[in-house]
Amino acid sequence: MKILVINGPNLNMLGIREPAIYGKSTYQDLVNLIEEHAKTKDIKAECFQSNHEGCIVDKIQEAYGVFDGIVINPGAYTHTSVAILDALKSVGIPAVEVHISDVDSREEFRKLSYVSLYCKKRITGKGFDGYLEAMDFFTE
């Protein structure tokens with residue numbers, strides 16, 4: 001099983017960015033956690049982060065025929081990007097949407113998620129553990 005984990009804008013700033021919301025752990029801590037969990041589940045996981053919408057679209061397109069599942073936290077693009085939604089639909093790879101914070105209890109605009117129109121599951125407000133739950137979804 002091969003899973004691509006995609007993180008969108010500002011997730012590279014974990015540990016610095018609004019620690020009261022996102023915690024004090026860094027993006028590298030997240031990557032390490034994902035890689036360790038993947039080993040226990042016999043998953044090959046690749047992590048990718050970009051602040052650029054087009055790079056995320058390109059990565060999704062490159063996943064076609066390579067990955068069995070996508071775990072995606074599009075960050076702010078969750079609420080704005082039809083392009084990322086269309087890329088997911090184009091490749092047809094099962095996907096799970098993840099958010100570290102409980103986006104539904106935050107600002108009103110964060111309640112809109114374009115990628116949720118495609119994703120098989122949406123996990124919010126579970127911190128880094130949401131990524132592990134998303135990976136487990138593919139192995140159940």
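Helices (H or I, at least four residues) and strands (E, at least two) are DSSP runs, numbered from the N terminus. By this naming, N7 lies in strand β1. The structure is a predicted model, in which local features need pLDDT of at least 70 and side-chain atom pairs count only at pLDDT 80 or more, while totals for chains, interfaces and linings use all residues. Residues are numbered from 1 along each chain as its sequence is written, and side-chain values use heavy atoms, with hydrogens and water left out.

**Surroundings of N7**

Burial is expressed as relative accessible area (buried under 20%, exposed over 50%, partly exposed in between; 1.4 Å probe, protein chains only). N7 has a value of 1% and is therefore buried. Its side chain makes a polar contact of 2.5 Å with that of Y131; such a contact is a pair of N or O atoms within 3.5 Å, and within protein one must be able to donate a hydrogen and the other to accept it, with residues adjacent in sequence counted only if both atoms are side-chain atoms. Leaving aside residues up to four places away in sequence, N7 touches Y27, L30, F48, Q49, S50, N73 and Y131, where contact means heavy atoms within 4.5 Å.

**Nonpolar cores**

A nonpolar core is a set of buried Ala, Val, Leu, Ile, Met, Phe, Trp, Tyr and Cys residues joined through side-chain atoms within 4.5 Å. The largest has 21 residues, and I3, L14, L30, V71, I100, Y131 and M135 touch the most other members. Two or more residues each come from β1 (2-7), α2 (27-40), β4 (95-99) and α5 (129-139), with α2 giving the largest share, five residues. With residues up to four places away in sequence not counted, L30 touches N7, L14, F128 and Y131. A second, separate core of 19 residues includes I6, F67, I70 and V115.

**Aromatic rings and a loop glycine**

Rings of Phe, Tyr and Trp (its six-membered ring) pair if their centres lie within 6.5 Å; planes under 30 degrees apart count as stacked, over 60 as edge-to-face and the rest as tilted. The rings of F137 and F138 have centres 5.6 Å apart and planes at 80°, so the pair is edge-to-face.

G92 is found in the loop between α4 (82-91) and β4. G92 and Y118 are 26 residues apart in sequence, and their C-alpha atoms are 9.2 Å apart in space.

| Residue | Relative accessible area | Class |
|---|---|---|
| G92 | 48% | partly exposed |
| F137 | 27% | partly exposed |
| F138 | 12% | buried |
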